[in-house]
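Here is a short briefing on one protein model.

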Amino acid sequence: MRVRKIVNELDPYIPGRSQDEIAEEFGLKKEDIIKLGSNENPWGPSKKAISSIENELSSINRYPESDLSDLKKEIASYSGVNSSQVIVGGDGADEIIDILAKTFIEEGDEFIVPLPSYMYYEFLFKPYGAIPVYGKWNLEDNTLDLDSIISKINEKTKMIFLCSPNNPTGALVSREDIINILEITEEKEIVLVIDEAYFEYSEVNNVDLINNNSNVFIMRTMSKVFGLAGMRVGYGLANSEMIEYMHRIKPVFSLTKLSYFAALNTLKDKEYIEKSIKKGIESREFLFEELSKINSLNVLQSCSNYILIGIKEIGITAKDLSQKLMEKGVIVRDCTSFKGLDEYWIRVSIGTIEEDKKFLEIFNRIISDI
Ligand SMILES: *Cc1c(COP(=O)(O)O)cnc(C)c1O
């Protein structure tokens, strides 16, 4: 077929596996499966979000809001910015990435991303003719290699992606590194995207930068702490000029009515948000402590809701280990498809403490048999 050349060249994106898939493949019951593969909130969505969706069900014959002003107001207040500095995406933050590309990318433009990091930037940018240029994330001390980014900046650089906390390594990009990069990118008008999908778990953010730096874009999602991965809501924060340009090209009705109300009412449910963060951090600390007791593992300290684990010393690949875990009903992320990682890394999302314990038991049993 006469598809665009780039479509033939694209590598497929490999997402985490779903419970239905694994239940079917291994003959397991869906409710017995522990899903620690996609960094979701294991405690379920806000009750207020659920009832607001139920209330709206009978009006889904009508189009959703198009200007989203109540939601933007609520996001602005949550983030400490003005409504004019907010854009909301209807396929999660993933739509925000796509709008960034549509707004800024001309064919042949370069974007810089350290490896390993979130692979979806590349997946969404390549169709626009953007060229990925790779910097480096140091796995030894779990920090950004600042020079590996700065040395790649040239006239073709249009954007830089920094994920903080970084997915999959779990550590923050230091404020000092961000400032250093800003000093170079601002005058060159290179957009610096700081992906804060998990910032709540780190209790650190960089939103203040948008007031004084016209090239900073903060990206966030409601899929993680907010427990709405299935509703697909994301948002971005930047100076109002950038936001206005992005709105010119954003699909008008991409956020469904039900997602709109789910997002709005989760944001209003302060108790739910507070508890999700607190329980998430507790679970992470528990999981980290328990995993650290296993000597043969390289467990990276995390400020997020997942932990990256190097398993080379055990002498099994991530593909084989995650297969063994799936057979026992545990889904983790085999990180082989992350550029910048070899075939010996898995990423484990936090579960409820009960799920963590079950995971640890199964995991320990499997690795002692190898
Ligand atoms: C999950 C995630 C996102 C966005 O997820 P959506 O579900 O599309 O909102 C963005 N960046 C990183 C690093 C993520 O892990």
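**Briefing**

Glu-203 is exposed, with a relative accessible area of 64%. Here buried means under 20% relative accessible area, exposed over 50%, and partly exposed in between (1.4 Å probe, protein chains only). This is a predicted model: local features need pLDDT of at least 70, side-chain atom pairs count only at pLDDT 80 or more, and totals for chains, interfaces and linings use all residues. Residues are numbered from 1 along each chain as its sequence is written, and side-chain values use heavy atoms, with hydrogens and water left out.

- Glu-203 sits in the loop between helix H9 (199–202) and helix H10 (209–212). Helices (H or I, at least four residues) and strands (E, at least two) are DSSP runs, numbered from the N terminus.
- Between the C-alpha atoms of Glu-203 and Val-348 the separation is 20 Å; along the chain these residues are 145 apart.
- UniProt lists residues 32–361 as "domain: Aminotransferase class I/classII large", in an unreviewed entry. UniProt positions are given in the numbering used here, feature names are shortened, and annotations may be inferred rather than shown by experiment.
- Residues 32–361 are 39% helix and 19% strand. The end C-alpha atoms of this stretch are 15 Å apart.

**The eight-strand sheet**

- An open sheet of 8 strands runs in the order S2-S9-S8-S7-S6-S3-S4-S5, with mixed pairing. Two strands pair if DSSP finds at least two bridges between them.
- Its edge strands are strand S2 (86–92) and strand S5 (143–145), and each pairs on one side only.
- From one strand to the next, the twist averages 25 degrees. Axes for such angles are lines fitted to C-alpha atoms, for helices over the stretch in contact, and angles run from 0 to 180 degrees between N-to-C directions.
- S3 and S6 are parallel partners, over 3 bridges. Phe-111 stands opposite Met-159 in S6.
- S6 and S7 also run parallel, joined by 5 bridges. Cys-163 has Asp-195 in S7 as its bridge partner.
- In strand S7 (residues 191–195), 5 of the 5 residues are buried, so the strand is largely enclosed by the rest of the structure.
- In a regular strand the side chains alternate between the two faces of the sheet. From S7, Val-191, Val-193 and Asp-195 point one way, Leu-192 and Ile-194 the other way, and all are buried.

**The four-strand sheet**

- Another open sheet has 4 strands in the order S10-S11-S14-S13, and its pairing is antiparallel.
- Strand S10 (298–299) and strand S13 (333–334) are the edge strands, each pairing on one side only.
- S13 joins strand S14 (residues 345–349) through 2 bridges, and the two run antiparallel. Asp-334 stands opposite Ile-346 in S14.

**Aromatic rings**

- The count is 14 aromatic pairs. Rings of Phe, Tyr and Trp (its six-membered ring) pair if their centres lie within 6.5 Å; planes under 30 degrees apart count as stacked, over 60 as edge-to-face and the rest as tilted.
- The rings of Phe-111 and Phe-161 have centres 6.0 Å apart and planes at 90 degrees, so this pair is edge-to-face. The pair links distant parts of the chain, 50 residues apart: Phe-111 is in strand S3 (residues 110–115) and Phe-161 in strand S6 (residues 157–163). Both Phe-111 and Phe-161 are buried.
- Phe-125 and Phe-161 are edge-to-face because their ring centres are 5.2 Å apart and their planes are at 85 degrees. This pair also links distant parts of the chain, with Phe-125 in helix H6 (residues 120–125) and Phe-161 in strand S6, 36 residues apart.
- Phe-125 is buried, at a relative accessible area of 0%.
- Ring pairs join a cluster whose members include Tyr-13, Phe-111, Tyr-118, Phe-125 and Phe-161.

**Charges over rings**

- Arg-220 lies over the face of Phe-199, 3.6 Å from the ring centre. A charge sits over a ring if NZ of Lys or CZ of Arg is within 6 Å of the ring centre and within 35 degrees of the ring normal.
- Arg-347 lies over the face of Tyr-306, at 5.7 Å from the ring centre.

**Cysteines**

- The count is 0 disulfides, a disulfide being a pair of cysteine sulfur atoms within 2.5 Å.
- For Cys-303, which is in no disulfide, the nearest cysteine sulfur is that of Cys-163, 12 Å away. Cys-303 is partly exposed, at 24% relative accessibility.
- Cys-335 is in no disulfide either, and the nearest cysteine sulfur, that of Cys-163, is 13 Å away. Cys-335 is buried, with a relative accessible area of 0%.
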